[in-house]
Amino acid sequence: MRAKILGLVAGTVLAGGCGVGPHYSLNVSRRVAPYYARFEAAAVQHGAPAGLTRGIGARFVPKLPGRQVGVCVRHPTRGREIKFSAEAWLAADDAEREQVVFHELGHCALGRGHEPVGHGSLMEPALRYGAAEWLAVREWALRELFSTGRGVTRVVD
Ligand SMILES: [Zn+2]
């Protein structure tokens, strides 16, 4: 498995932002919105409620510290927001962007933390799947993402 470390790091949880805000089309970058839509579709397919991304903003910053691609931030008053590194986004392909957005929404929308490295979860702290591999593991990874994240065993291929 190609270990592609792009450094997804969880945001510091400052307070429990309740996510009240306009629908994401108003506060989510147009570049990110299609991935939010995919996340919503995947959520429903895997038995999660609709509207999980509602109120979670998404915007680009020129660069994030270190090798971070994205970060989920909970503002004490402004709710949840994901910041993406514009530099890393430009260098990423569709599969990588999807993994980054889904990982950050795993934090911001699902409230998940990081999983230990080695099981293949999207909630591991580092992005790991190349495009072809992502295609092969995507369904498993989504099922894991929308589960509790525990007790899902990946069939080793
Ligand atoms: Zn993370």
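Reader: How many of the residues of β2 are buried?
Author: 5 of its 6 residues are buried, so β2 is mostly covered. Note that this is a predicted model.

Reader: OK, and how many helices and strands does the protein have?
Author: There are 5 helices and 3 strands. Along the sequence they follow the pattern α-α-β-β-β-α-α-α.

Reader: What is the strand order in the sheet?
Author: The order is β1-β3-β2, in an open sheet of 3 strands with mixed pairing.

Reader: Which strands stand at the edges?
Author: β1 (57-61) and β2 (70-75) do. Each has a single partner strand, so one side of each is left without a neighbour in the sheet. From one strand to the next, the twist averages 30°.

Reader: Which residue in β3 is the bridge partner of arginine 74?
Author: Arginine 80 is the partner. Elsewhere in β3, isoleucine 82 is opposite cysteine 72.

Reader: How many residues of β3 are buried?
Author: 6 of its 7 residues are buried, so β3 is largely enclosed by the rest of the structure.

Reader: Switching to helices. Which helix lies across β2 and β3?
Author: That is α4, residues 94-108, which runs at about 25° to β2.

Reader: At what angle do α4 and α5 pack?
Author: The angle is about 20°, and the axes of α4 and α5 (residues 131-146) are 11 Å apart. That angle makes α4 roughly parallel to α5.

Reader: Is the crossing of α4 and α5 left-handed or right-handed?
Author: It is left-handed.

Reader: Which residues in α4 and α5 meet?
Author: From α4 there are Ala95, Gln99, Phe102 and Gly106, and from α5 there are Ala131, Trp134 and Leu145. By class, the contact of α4 with α5 has 5 nonpolar and 2 polar residues, and no charged ones.

Reader: What does leucine 145 touch?
Author: Leaving out residues up to four places away in sequence, leucine 145 touches Phe102, Gly106, Leu122 and Met123.

Reader: How many residues apart in sequence are leucine 145 and glycine 106?
Author: They are 39 residues apart in sequence, and 7.1 Å apart in space from C-alpha to C-alpha.

Reader: What about the protein's contacts overall: how many of those with a separation of 6 or more are between residues 24 or more positions apart?
Author: Such pairs account for 68% of them.

Reader: Back to α4. At what angle does α2 pack with α4?
Author: Helix α2 (residues 33-45) packs with α4 at about 65°, and their axes are 10 Å apart. The crossing of α2 and α4 is right-handed.

Reader: Which residues make the contact of α2 and α4?
Author: On the α2 side they are Tyr35, Tyr36, Arg38 and Phe39. The α4 side brings Arg97, Glu98, Val101, Phe102 and Leu105.

Reader: How many charged residues are in the contact of α2 with α4?
Author: There are 3 charged residues, along with 6 nonpolar and no polar ones.

Methods: Residues are numbered from 1 along each chain as its sequence is written. This is a predicted model: local features need pLDDT of at least 70, side-chain atom pairs count only at pLDDT 80 or more; totals for chains, interfaces and linings use all residues. Two strands pair if DSSP finds at least two bridges between them. Helices (H or I, at least four residues) and strands (E, at least two) are DSSP runs, numbered from the N terminus. Axes are lines fitted to C-alpha atoms, for helices over the stretch in contact, and angles run from 0 to 180 degrees between N-to-C directions. Two residues are in contact if their C-beta atoms, placed from the backbone, lie within 7 Å. Angles under 35 degrees count as roughly parallel, over 145 as roughly antiparallel, 65 to 115 as roughly perpendicular and the rest as oblique. A crossing is left-handed if the near helix is turned anticlockwise from the far one by less than a right angle, and right-handed if clockwise. Ala, Val, Leu, Ile, Met, Phe, Trp, Tyr, Cys and Pro count as nonpolar, Asp, Glu, Lys and Arg as charged, and the others, Gly among them, as polar. A residue is buried if 20 or more other C-beta atoms lie within 10 Å of its own, exposed if 12 or fewer, and partly exposed in between; C-beta atoms are placed from the backbone.
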